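Subject: Structure handover

Hello,

Here is the structure you will be taking over. Please open it first, then read the notes below it.

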Amino acid sequence: MQVFSERTDKPHAYLFGEYTNQLSFDPIELALSEDGQTWQSIFDDASLNNVYLTDFDWLSPVIADTYRTAGTRDGQQLANSRLDQRDLVLQFIGYCRDRVDQKLVLQALSNFLIRRHNYWITFDNGGGRMYHVREKSIAAEYHGEKMMTITVTLNNFTGVAQSIVPSINISDMPNIGLGLPTDAVNYVFNTSEFDVNNIGELPVDPLVQGDYLNITLTGTGSPTIVNTTTSDSITCTKPLTTGDTFNLIGVNPQINGQAAGINTDNGIIRLASGNNHFKITGCQDLNCTVSFYFKYLN
């Protein structure tokens, strides 16, 4: 997956002998995507050649608690707790020719960041993570006619970050900052027992959180998939034959791409943070792939 610009002349702090490069800092490259697959880098937008991202805040988790009263009992009881939406604040600097150019710069940045739909945003120094956001505000401060600073506030309405690529593609992207162990991790298996390492800071819960989790299994027989770490399981009651594929996409089971809820015991699979031990029974010649995104607090 190509996320950031392929330019060989990306903006950077001036080096010895670069007399025409006046930048005194390395700008942060950001990229946007509406589907998490196709990305557009700010470095590839010609109208923003003189606009640079200088900083963005590392988000702190926002906890939203709900309390309830219990008769005449003093105080309140904690009913539930969740991660709430939060602001992602970006700081830009723009170098302009005159007042008119300043207005055009603000317009170009607004066009780049304001979308009709929610979108994903990521940063080249953001640790391989992306945030699901909507824009909230764009405010400019003018410093004479030649320079301006722009503060952009985005709403990370999901309250969490996640890896840019799913587990099965983790080797395709730089993963510094994702928390990968020094040992190799694998998410494609051909044995009846294996470990799935969720290196994210948060569990993966397709039922409550609607998280993406795609378990793909081929083999023969009526497989039962068990995550012994969470005690979750699902059984495919329809025997699979050679060439059949069983998928559990979130909470929706499929056989050969067709809905197959009637052919299961309506079980679910979740992943705890850290190591998850899986055991598959009732199936021979199996091959199993576990694809999901790693989730992080910030």
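A word on terms: a residue is called buried under 20% relative accessible area, exposed over 50%, and partly exposed in between, with a 1.4 Å probe and protein chains only. Asn 266 is exposed by that rule, because its relative accessible area is 62%.

The model is predicted, so local features need pLDDT of at least 70 and side-chain atom pairs count only at pLDDT 80 or more, while totals for chains, interfaces and linings use all residues. Residues are numbered from 1 along each chain as its sequence is written, and side-chain values use heavy atoms, with hydrogens and water left out.

**The chain as a whole**

The protein chain has 1 helix and 19 strands. Both are DSSP runs numbered from the N terminus: helices are H or I with at least four residues, strands are E with at least two. The C-alpha trace spans about 70 × 60 × 35 Å along its principal axes. Of the 298 residues, 43% are buried.

Next, contacts, meaning heavy atoms within 4.5 Å. Take the contacts with a separation of 6 or more: 69% of them join residues 24 or more positions apart. The accessible surface comes to about 15400 Å², and 48% of it belongs to carbon and sulfur atoms. Such areas come from the Shrake-Rupley method with a 1.4 Å probe; for residues, only the protein chains shown count as cover.

Start with strand 9, residues 147-156. Of its 10 residues, 7 are buried, so the strand is largely enclosed by the rest of the structure. Two strands pair if DSSP finds at least two bridges between them. Strand 6 (residues 86-95) pairs with strand 9 in the antiparallel sense, over 10 bridges. Here Arg 86 stands opposite Asn 156. Strand 8 (residues 129-143) also pairs with strand 9 in the antiparallel sense, over 9 bridges. Ser 137 has Thr 153 of strand 9 as its bridge partner. Strands 8 and 9 form a hairpin with 3 residues between them, and there Gly 144 takes a positive phi near 75 degrees.

Asn 156 belongs to strand 9. Is Asn 156 buried or exposed? Asn 156 counts as buried, because its relative accessibility is 0%. Leaving out residues up to four places away in sequence, Asn 156 touches Leu 59, Gln 85, Arg 86, Tyr 131, His 132 and Val 133.

Leu 59 sits in the loop between strand 3 (51-56) and strand 4 (63-68). Leu 59 counts as buried too, at 2% relative accessibility. Beyond four places in sequence, the residues that Leu 59 touches include Asp 87, Leu 88, Leu 297 and Asn 298. Thr 191 is another matter: Leu 59 and Thr 191 are 132 residues apart in sequence and 40 Å apart in space, C-alpha to C-alpha.

**The largest pocket**

Rolling a probe the size of a water molecule over the atoms shows where empty space is left. The rule uses a 1 Å grid over the protein atoms alone: a cavity is a set of points where a 1.4 Å probe fits but cannot get out, and a pocket is an open set with protein on both sides within 12 Å along at least five of seven lines. Lining residues have an atom within 4 Å of a point. Points are joined across faces, edges and corners, and a volume is the space filled by probe spheres set on them.

The largest pocket holds about 510 Å³ of space. Its lining has 24 residues, and Thr 158, Val 160, Gln 209, Asp 211 and Lys 295 lie nearest the centre. By class, the lining has 12 nonpolar, 7 polar and 5 charged residues. Nonpolar covers Ala, Val, Leu, Ile, Met, Phe, Trp, Tyr, Cys and Pro; charged covers Asp, Glu, Lys and Arg; the others, Gly among them, are polar. Strand 5 (77-83) and strand 10 (161-163) each supply at least two lining residues. Strand 5 gives the most, with 3 residues.

Thr 158 is in the loop between strand 9 and strand 10. Thr 158 is partly exposed, with a relative accessible area of 32%.

**Two backbone points**

Most residues other than glycine have a negative phi. Asn 266 has a positive phi of about 65 degrees. Asn 266 lies in the loop between strand 17 (258-259) and strand 18 (274-292). Asp 285 has a positive phi as well, near 55 degrees. Asp 285 lies in strand 18 and counts as exposed, at 71% relative accessibility.

Best wishes
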